[in-house]
Structure formats: structure tokens, C-alpha cells
Amino acid sequence: MQHQFQIDYFCAVKNIAALEHMKYVRLYISIIVTVLLSRSASSQAIYKNPGSIEGLVKDSAGKPVEFASVTIQELNINAQTDQKGYYTIKNVAPGTYTFVANLVGYNAVSKKVDIKEDKTTTIDFELKGAYQLHSVTINGVVAITGIGHLGEVHEGIIYAGKKTEVMTLDSLNANAAQDNPREVLGRVPGSNYSETEGEGFPSNGIGFRGLNPSQSIETNTRQNGYNITGDIYGYPESYYIPPMEAVERIEVTLGASALEFGPQFGGTINYIIKKAPIDKPFEFTTEETTGSYGLINIFNSVGGTYKKWSCYAFVEGNSTSGWRPNSDYQQLTGFGRIEYKVNNKFKIGLEYSLLRNKIHMPGGLDDQQFNDSPDQSFRSRNWLTTPWNIIALTGEYKICNNTWLTLKSALNLSSRNIVWRIEDGGPESIDSINPATLTYNEREVEHEYFRNSTTELRLLSYYNIGNRVQTLGAGIRFYAGTMIRQEGGVGTTGSDFNFSDSANYYTNSLTFTSLNIAPYVENTFHIGGSLSITPGFRFEYLKSTASGYVTQNDGTITNVSESKPRYIALGGLGMQLRTTSTTHVYANVSQAYTPIEYSFQYPLGYDLNAVIDPHLKDIMGYNGDLGWTGSVKDFLNFDVGLFFMRYNNAIAFEYLNDASGNPYIYETNVADAVHEGAETYVELNVVKIFTHESKIGYLSFFNSFAYDRAKYIDGIYQGNMAEYAPATIERLGITYSLKAFSTTFLISNTAKQYADANNTISSPDALVGIIPAYQVMDWSSTVKIKNYHIKFGINNVADEKYFTQRTIEYPGPGIIPGMGRSFYLGFGASF
């Protein structure tokens, strides 16, 4: 039986007049701008004779500490240090206050100081590493603890009341050369991974709180604060992430990130690239790593600051023969940044990111093949390349002493190209020589081109109500993107890396566009000395179009010309209560939504027997958090909390049979789902409880645990577990350090998952079924001697046989095995 392409994605709202509704968008933006300007003008002179505070924050070596937070506890005023470690706080009522300086990886320092009328008081701080290694490192101090949280305000964005996690990469023992997600991001409770790097994708995927981790499609993925995905709405997959050797820290915002970063459910992950050293004109850093399966990774970076100019650049080359046959790949990643400080108020920068790769895809396995041997491959002719180019313009402007404007504008000119065996039978179908032609059958060629720009303008302003300083954050995002998809091209009969199309014709050729205008506003109201409340609002205008043609199963060509506008209002409310100088309670609730992706608008290229529900709806819902986070002196770091997520109109695949018994895939809104549970992170340095100076070294333990009850609550799947939502994820780590040596042993446990809403246990083609629970152990160590270091370790110590994903298309179809035991050894230096 032939299944007709069902194309009705946009029909329900075709006739809505976009221009009429845009009047409300323009009116809303005008109101926001007027409010911002009035706030800035009225916040200058609340007190007749206010005082001011300024100062420097340095580390124990006397070097400036950037991004340190300086807080007036009684007023809940927060300032952040610049590259020179300088901070300033204006318009403070005379009185006696407690000032606290803090940053992830350092012990908090507090001082009680009298602020005089109409005078500037200088308060300097010296921060010491929470768990310091007595050696010279790139950042001056290395902390064995590698996780913390963002302050109330960070880089012009309000984080008060939100659940945040920050990983400082130089503080971790991890296999950064292969971006091992368990070691790099494993401390974030509930983080789940699709381990596909080296298995046909250029990067691993990540998901939080039971959302699909494949290519991080549910997560807003950023670099230095700007978008790096293919299309933030229609194709939010992450083919490029920066190499971990180049990353200074990773910032994760869960739950209420929907207001300032976008409407997604899965939160935001932001990779912050290292910056140029501010105290020398030139620095060269090199990292060279080798390992199992022919791994060779070479990373080199240069950077420096001269007068008003600073620059940083890196190049990384990575290649391996692969742990499975046909899994070899070569990859080149590059980045360059140049910044110019015009004056003390204005700074501008330009960045360029590049990715080039050649990836051999070994294909998927069925359950029997995996059980027999997970390191085998039955595909030798499948290839992928994803050339990525991102150009970003950044700017910071200080309008006045308490108002800042920041700009991040990114242009993405990228593509994804695939040539592979036409998958018409699942992983059990062998790609063999055709006896009639004595050659392989032609492969299929597919191209996707991404052309989009994302511009975000943000304003942050402090103003006073009575004797309390309040914080206003507002901004607007403008996004315009085009994606061209060409499927069903006739490729060669060979096995080489060749994307030529012999017929120069594609069975499907579609052009998708997205236009998004999204203003937002948030305001932190400080009530008393400990409590703050942050309401927020975001308005989303999104217009999607589709044009081109598709070929039906019977050969009929159908022209496509569709358009759909959306108008979405999102609200949120956060609360933060300071319990001690280093701990606080956070709570928030915010609405979220996910528009229908391009891949759900039309049957996917791998299987024309897919049928799309003509009444498919966007995913709507909300997130909520309640937790307590902070530290106790320098020996305990913790974050414990509860979360709730309502995920309405969940989209999933149903595997059905038609009247003749033929199987087909049906994509539809299967049900509403609820994800609820608990997340805890506790890290304890047992030696620091008793002494700050240990001759025998330091021993610390950390435990990252998440319980997620993610179930469908209505429809035919009521009571079933949501896909890719393990009930528990737990990671236990032990770190020991002595002078220049540190070592970490990590045990990761992930409960069973299902690949479909039906909670299928197994299927003949392995496209759906259970993903069994697994335990993986990793060991990594670092030795630092002056400006040199050696890194070594073993990943998957026990050689666990496991997998994290079943796919219905590339890089499968079928089971994508996790990598077996591997070793690595690296050498690095900085000059």
C-alpha cells in the first residue's frame, strides 16, 4: 500500500493577517523602549548625597579576577568585575554594609564597611582558590571543585531566582580531547547524553529532565551568548560545539531560561570560549593528545592584549580510525576573536568560528547484532560532512553609571551533506553487491543549507525604590533564517566520500523560512535585605513558510506553498531568598513552548512511508523549580531542588500497520506529559573540614543525582514513560590531589529508557525498543609542573557494552553503540 504525503501543517491558520498583528508587536516594543529610557533617566539621583564604592578583585597571585561578583548583602546590590578586576557601585545610601566578593572556584570574602555621604569608598578584595593546587596554571588558580552557580546578574542578564550551573573546565580532570560528556558535564544533575560523536555525528547531544538529547534539539545551544544551531526554531540541532580545550566555562540555565533566551523547555547551555590574557601581549598554548583507535588531537591557541586591542584564536585538528569499522573521521575546528576597547564605556568585538569535517558513518545495529558484538559495522558507504561558519559581532556600551547595553549578532552560513545507502529495510538489511550489475546500488544524496542571522540587544539598568536598588533587564531578539532541504538525489555506486548527484535532480526540494521578533522584560524587586522577586514577560512573533515540491510514493509531484504566523505571550515569576552569605533559596515558574520543527512538517527522507498528522500542534507548557544552593566555608558545595514540567501536545512517532498489515510511521501529538522529580548535587572535601593546609593532599567526593518521573498523563499512552527519560541518573566522583597531581574516578549510572511513546521493548528493525540501564566508569588524571601539564586516563574502564540511542535515520538506523574502553595521553604547555 502506498501512503500519501499528508501536507497540511500550516492550513489551520493560513488566512491570519500577519501585518495586522505586527502593529501590536511594534506597539509593545515602543512601550518597552520608553520604559527603559525613563528608568535610565530617573535612576540617577534617588538620594540627595549618595555614596559610591569602587575597587579591585585579585587572586592570591595578584592577578585581576574577571567576572567576580561583589554584593552588598543588606541591599542585594550586585556588581561584576571587568577584565582588570575593577568594579563600581553608584548611588548607595550612607550606612554600614556587608560586602561579599565571590566567584566559582574561590572562597567568598566579606568585609563590613561604612559608606559616607557624597564620597567614594575603595574596597579591594583578594580571592583564594577553594581547593588550590600549588602550581602555575593558565588561569592562575585551579579548583578541584568544578561546579557553581551564577550570581543574580551576570554579563548583563538577570539570573535571580533561576536554577543555574557553571562548570569551570580547567578545574576538571576530563578527556577534553574527545569531549567526553560524562566527565565534562556529568556534574549537572539529570543531564542525559546521546553519545554519537565518532558514530556519525560531529558532536554529542545533551538533554535535561527527560527531554530528548539527540543533537541537543530541546536545548538552546550557544557560544559566548549567541546561537550556533542550524535553525533555532525549525532545525535546532547542534552540529558544531567548540572543542573543550578552548572552553573556559560552561553555563547551564534550566527552567526559567525561557524568558531571556527563548521559549524552549530544555534550558540553555552556553559555551564560553577562553579570552586573551590581559597582562601580556602574547601567549601561546598547545595541547597534544593521542589515544586508542588512532586518536590524534592537536590544539594550539594564541592570544594577547596590547593597549586597547585584544585577540584570541585557536585551531584544533582531530582524527581517529574509529573503534568500529567504518567510523573514521577527520575534523578541523577554528576560532578567532578580536576586541577593541574604544573607551571606558564602549567595547566592540568580532568573532569567527569554523568547522570542517569528513565523517564515516558505520551505521546502526539491530539488537541481535549488538548483543553479538557492538563493535561491528555493516555500512561502509555512508558519509557525512557539516561545514559550519559563524560570524558574530559583539558590543558593550555603558550608557551611564548604572545602565548597560549589550549586543550579540551572529550570522550562520552552514550546511549538512550526507551520502548513504538508501535505508529501506533497517539495520538488518545488508548493503551488498547487486548480482545483476556487479556493483553496489546507487546511494542517496541529501543536502541542507542554513542561512540565518540572530541579533539580540539587551539592556540592564539599576534604579532605586526607596532605599533599595532594583534591577531591570529588557531586550529584543530578531531572527531571520532560511533552510534549503534537498533529498532523494541519485548518488554514485561507490564507497568513497563523494556527494555528486548524477541526475542533478532531487525527489524532494523544499525551502523553509523563519522570522522571529521577540521582546522581553524582567525586573528584580528587592524586598528587605534578603528577598527578591523577579516577574518577567516575553512576546514571540514567529512566521514560518515552506515552499518547493515533494514526490509522493506513487511518483506524483506535489507543489508546496505554505505560511503560518504565531503570536505567543510567555510569563514567568522568580523568587530568591538569601539564607546565609553563601547560600540562597530559588524558586521560579515560567511558560514555554516549542514550535513544530521542519522535520515534523514532512515525511523524513529515510522513509516515504511516514505519514504526518495534518492537525499537528505546537508543544506548549511550563517549567517550575524550587531549590536551595550554595556552599559552606570551603569544604561543602551543594544544590538540592525539585522541578515540575508540563509538556503538552508531545510529538512522537507511532509505529502502526495499515489495513493490509503493512507497517508505517505516523507522526502526531500523542499526549500531554508531566516531568517531575528531584535534582541534587553535593560535593564534600573531607580534608578541608579539618585543615586548610594538608601535607597528605586533599580528598573530595561529589554526587550528582536526579529522579525524573516523566509520564504521559492522557491519551492512548497514559501511564507510559516519556521517551529518553530515565527515571534516575546518578554520578559519583572521587578526586584526590597532592601538590601538582590530581586524579578523578567517576561512576555513571543511567536507568533504562524507551525510544518511543508506546514503550516498546524490542522491534525487528531495532528502530524502537528499550535502552537498557548501564554503568560506565571513567578515570582521568592531571600533573602540572609550572607552565606544563600531562593528562592521562581511561574511559569506560570496565569496557561496558551499552548504547544511548536508537535512531530511525542517520547515523543509523538502529542502535548506535557507546564506545568501548579507550585510553588517552596528552601533553600541554603555555608560554
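Which residues touch the most other members of the largest nonpolar core? In this predicted model, where residues are numbered from 1 along each chain as its sequence is written, local features need pLDDT of at least 70, side-chain atom pairs count only at pLDDT 80 or more, and totals for chains, interfaces and linings use all residues. Side-chain values use heavy atoms, with hydrogens and water left out.

**Nonpolar cores**

A nonpolar core is a set of buried Ala, Val, Leu, Ile, Met, Phe, Trp, Tyr and Cys residues joined through side-chain atoms within 4.5 Å. The largest has 50 residues, and those that touch the most other members are Leu185, Met244, Ile250, Val252, Tyr271, Tyr312 and Tyr810. Strand S17 (residues 247-254) contributes the most to this core, with 4 residues. Strands (E, at least two residues) are DSSP runs, numbered from the N terminus. Another core, of 28 residues, lies apart from the largest one; Val92, Tyr97, Phe99 and Tyr462 are among its members. In soluble globular proteins, nonpolar side chains tend to be buried together.

The surroundings of Tyr271 can be described by contact, meaning heavy atoms within 4.5 Å. Not counting residues up to four places away in sequence, Tyr271 touches residues including Leu185, Met244 and Ile250, as well as Arg222, Gln223 and Asn224.

**Burial of selected residues**

Relative accessible area (1.4 Å probe, protein chains only) sorts residues into buried, under 20%, exposed, over 50%, and partly exposed, in between.

| Residue | Relative accessible area | Class |
|---|---|---|
| Leu542 | 0% | buried |
| Cys400 | 16% | buried |
| Cys311 | 38% | partly exposed |

Leu542 belongs to strand S30 (residues 531-551). Leaving aside neighbours within four places in sequence, Leu542 is in contact with Tyr233, Ser514, Leu515, Asn516, Lys564, Pro565, Arg566, Tyr593 and Pro595. Lys564 is 22 residues from Leu542 along the chain, and their C-alpha atoms are separated by 8.3 Å.

Two strands pair if DSSP finds at least two bridges between them. An open sheet is formed by 4 strands in the order S3-S2-S5-S6, with antiparallel pairing. Its edge strands, S3 (77-80) and S6 (109-115), each pair on one side only. From one strand to the next, the twist averages 25 degrees, where axes are lines fitted to C-alpha atoms and angles run from 0 to 180 degrees between N-to-C directions. Strand S2 (residues 69-72) pairs with S3 in the antiparallel sense over 4 bridges. Within this pairing, Ser69 has Gln80 of S3 as its bridge partner.
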